[in-house]
2 protein chains.
Amino acid sequence: MNMFGSTTLDATNKAAMRWYPVYAGLREAIVSHRLAPGTKLPEDELASIYSVSRAVIRAALQALSHDRLARLEPNRGAFVAQPNKQEAREVFEARALIEPKLAALAAEMAKPAEIEQLRLHLDKEHEALHAGHDSDAIMLSAQFHIGIAEIAGQSILTGIVRDLLSRSSLIIALYWRRRDTICESHAHHALVEAIQKGDAQDASNLMKHHLDDLLSGLDLTPGKNKPESLSDILR
Amino acid sequence: MNMFGSTTLDATNKAAMRWYPVYAGLREAIVSHRLAPGTKLPEDELASIYSVSRAVIRAALQALSHDRLARLEPNRGAFVAQPNKQEAREVFEARALIEPKLAALAAEMAKPAEIEQLRLHLDKEHEALHAGHDSDAIMLSAQFHIGIAEIAGQSILTGIVRDLLSRSSLIIALYWRRRDTICESHAHHALVEAIQKGDAQDASNLMKHHLDDLLSGLDLTPGKNKPESLSDILR
DNA sequence: CGGCGCTGAATTGTCAACCATTGTAGCCAA
DNA sequence: TTGGCTACAATGGTTGACAATTCAGCGCCG
């Protein structure tokens, strides 16, 4: 299961494209929130860090921009994306439309080996949560959702979900509200149960509610995001 | 209404990005089927055609590849995408999942001016169809669907639909089966009626059936696509 | 005669140096 | 402090070069 990265490498594409490690590294750093939203990504600096030319860096930045994980401003450079609350809500609304359907399909199509894979994944999630590895937990959670999409056998929708999930990780890192962090694990567990039983309707409902829960765990009140009132409003 | 191009230019991005005209030109040529699927897109040739450097061409090709309108093969170059029947079916299945929901939303939210815009668009479609401008008709049809998505006010889903539609145009051009080409116009007309009446359920159903009709108008029998059996299978 | 590896042209992937443009910071004066 | 001028830094793009790879032709050998 190649679970992350909306720009994936297919069989023909696994050659030594120098930009891919840069893209993957930055992507991982952004999604895991080690690079704060708004951070500048200077070409020269990245070029020296990765020991490649600026041309390669630009390709990587363009790829990140396609995934909406970075923002390219003309003559100013690249910055880590900073999705606003409107975008955040829409991303989750899109997921709430797509993923329940995929969960239902997965429940109908899952083979035993795939369910075993999901259970293994649950363990890893559980572990990361208890070890307090927050960013790891977020990424593992995303991979769980991608795993379900892959089981459903809809590669186009899986790609879309992959894209939405990378943005979700960023959004969660941005707008997470310290509430009941524990609900996660239970929801995923119940989903696996439903999928194993082949109960499509149940899986669909569980996914829908899980996403609604996630959304309600975010602080998306229309009020101003940060004390960046002036600079943000006027721009 | 900026109705086409999944990689759009936001306000800050309207500066002289030299790659955009190349991207737009190629995109238009591919979607309108003036560039046949599988056609090679050599960097040097494009560079001389558009009078830009290879770097710019590569940026444009990367953008096309992200939209899945071109395929980048390492050390071999870029080729116009050739979606197979599996992908084609999945693209329409994805649309059948997303667009009915957007149609319902549009029916609830449409303002008179937007409905007027849709009607104007219907006229253009009608015109193109009667004039026999096939590729124009395909693109106008796509723009109609995008227009509905925009009315629904879900920008993320609109972006996704935009992406799916560009691929759909390519797919239709590839797998269209000469049957009843006329149904199109009626379906769009009925959709506008439902949206104007604010009947969300009706709009959703109409969209669903419209997409099912479109899919059934394609030749997606599992048999081999083209006599390209050898070169395609072995690679 | 057919299959084999080889060679070489063509194309891509990458780099480095360079220019033009634009945004930014600093400085000075009113 | 504000306004404007200047110099600097970063980006967008170009050019030219070069290594790596692909592929088509070609001769060799069985």
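Biologist: How many bridges join β2(B) to strand β3 of chain B, and how do they run?
Modeller: Four bridges join β2(B) to β3(B), residues 77–80, and the two run antiparallel. Two strands count as paired if DSSP finds at least two bridges between them. Strands are DSSP runs of E with at least two residues, helices are runs of H or I with at least four, and both are numbered from the N terminus.

Biologist: What should I know about the source and the numbering?
Modeller: This is a predicted model, in which local features need pLDDT of at least 70 and side-chain atom pairs count only at pLDDT 80 or more, while totals for chains, interfaces and linings use all residues. Residues are numbered from 1 along each chain as its sequence is written, and chains are lettered from A and ligands numbered from 1 in the order in which they are written.

Biologist: Back to the strands: which residue stands opposite Leu72(B)?
Modeller: That is Ala78(B), in β3(B).

Biologist: What is the order of the open sheet in chain B?
Modeller: The order is β1-β3-β2, three strands with antiparallel pairing. The edge strands, each pairing on one side only, are β1 (40–41) and β2 (70–73) of chain B.

Biologist: Which helix packs on the sheet?
Modeller: Helix α3 of chain B, residues 54–66, touches β1, β2 and β3 of chain B, and its direction makes about 115° with that of β2(B). Touching, or contact, requires that two C-beta atoms, placed from the backbone, lie within 7 Å. The axes are lines fitted to C-alpha atoms, for helices over the stretch in contact, with angles from 0 to 180 degrees between N-to-C directions.

Biologist: Turning to chain A, how many residues lie between β2(A) and β3(A) in the hairpin?
Modeller: Three residues lie between them, and Asn75(A) in the turn has a positive phi of about 65°.

Biologist: How many helices and strands has chain A?
Modeller: Chain A has 10 helices and three strands.

Biologist: Now the DNA. Which residues come nearest to DNA strand D?
Modeller: Pro42(A), Gly77(A), Arg18(B), Ser53(B) and Ala55(B) come nearest, of 18 residues around it. A residue is near if its C-beta atom, placed from the backbone, lies within 6 Å of the strand. α3(B) gives the most to that surface, with three residues.

Biologist: And which are the closest to DNA strand C?
Modeller: The closest of the 17 are Arg18(A), Val52(A), Ser53(A), Glu43(B) and Gly77(B). α3 (54–66) of chain A and α2 (43–50) of chain B each supply at least two residues of that surface.

Biologist: How many residues of chain A are in contact with chain B?
Modeller: 25 residues of chain A are in contact with 24 of chain B. The largest share of the chain A side, eight residues, comes from α4(A).

Biologist: How do the residues of that side divide by class?
Modeller: They divide into 12 nonpolar, eight polar and five charged. Ala, Val, Leu, Ile, Met, Phe, Trp, Tyr, Cys and Pro count as nonpolar, Asp, Glu, Lys and Arg as charged, and the others, Gly among them, as polar.

Biologist: Which residues does Leu118(B) touch?
Modeller: Leu118(B) touches Gly147(B) and Val192(B), not counting residues up to four places away in sequence.
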